[in-house]
Amino acid sequence: MSAGTRPAPGPAAGKAPGHPHGVRATARIRATYNGRVTTLPQLRSDGPFHLRRMRGSGSAARVGIIGAMSAPLGGDRLTLEITAEDRAALEVTSAAATLALRGPTGAPATYDVRLTAGEDATLRWLPQPLISAAGSDLRQTCTVSLAATARLLLREEQLLGRAHEKPGHLVSRLRIHRAGRPLLDQSTAYGEPEAGWDGPGVLGGHRAVGQLLLVDPELRVPRDAVLLGEGNGGGCGVLAPLAGGPALLASAVAPTSAALRNLLDEALAHALEAC
């Protein structure tokens, strides 16, 4: 969402109460199944989120997010709500990386993604990486609610700092509920003033971090974890089952965004073998 320039606040990008220089925006995507294909009865762009229908495959629908202005900046309050109703199949991606930047105030920015998938629905959330630029302060939350028979593929990638710069402060939380019960609740924090975030027990000097989650009722969950990137010098990761559901979670760290994507692609190939 880093393309373009920031417009003056208006009906589509209002000022956030208490943060006069921030933007408050909520974009919504709703997908339904009409008996033949998935349709998009709601596609509401707002603020930096410009939503565009894209060519899908089969009966699935596909939506791309195109940045309409620089965001998130300090003080922004951004929300993206994505719903795949019963039997719908939806993939959502982004055209470019999301760039978190220093804002005109000292207030942190928030970016909340809320994903919902109904019975027999398939939801794929595959955005481009989030870049935490020097001086930025971002609180990112991804909350997922899945029906018992829903399928989810989620990829999350974070690049800590641009070339030759330190990262900003990034706090991220991923919460997954399946059939009303917790499946995963994970929080991470990087950059100053966090302690030990770049040490050997966390990133080990790497700048790119990410994870991939596959939830599928037909998943044959392996008992043992799979190590990723062994011997290639391009980072490392692990793919492991989650207790409480037919789910596999890959977590990886790498020196570059490209190396991280390779690790997550490797994890996905292993995960799909279990379907």
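Guide: Two ground rules: residues are numbered from 1 along each chain as its sequence is written, and side-chain values use heavy atoms, with hydrogens and water left out. As the model is predicted, local features need pLDDT of at least 70 and side-chain atom pairs count only at pLDDT 80 or more, while totals for chains, interfaces and linings use all residues.

Visitor: Which strand does Asp185 lie in?

Guide: Strands (E, at least two residues) and helices (H or I, at least four) are DSSP runs, numbered from the N terminus. Residues 181-190 form the strand that holds Asp185, and its label is E15.

Visitor: Why does Asp185 count as partly exposed?

Guide: Buried means under 20% relative accessible area and exposed means over 50%, with partly exposed in between (1.4 Å probe, protein chains only). Asp185 gets the label partly exposed because its relative accessibility is 47%.

Visitor: Which residue's side chain is joined to that of Asp185 by a polar contact?

Guide: Contact means heavy atoms within 4.5 Å, and leaving aside neighbours within four places in sequence, Asp185 is in contact with Arg173, Leu174 and Arg175. A polar contact is a pair of N or O atoms within 3.5 Å; within protein, one must be able to donate a hydrogen and the other to accept it, and residues adjacent in sequence count only if both atoms are side-chain atoms. At 2.7 Å, the side-chain partner of Asp185 is Arg173.

Visitor: Which strand gives the most to the lining of the largest cavity?

Guide: On a 1 Å grid over the protein atoms alone, a cavity is a set of points where a 1.4 Å probe fits but cannot get out, and lining residues have an atom within 4 Å of a point. The largest cavity has 20 lining residues, with Tyr111 and Trp125 among those nearest its centre. With 4 residues, the top contributor is E13.

Visitor: And the largest pocket: which strand gives the most to its lining?

Guide: A pocket is an open set of points with protein on both sides within 12 Å along at least five of seven lines. The largest pocket is lined by 20 residues, including Gln186 and Tyr190. The strand that gives the most, 4 residues, is E15.

Visitor: How much space lies in the largest pocket?

Guide: Grid points are joined across faces, edges and corners, and a volume is the space filled by probe spheres set on the points. For the largest pocket, that comes to about 280 Å³.
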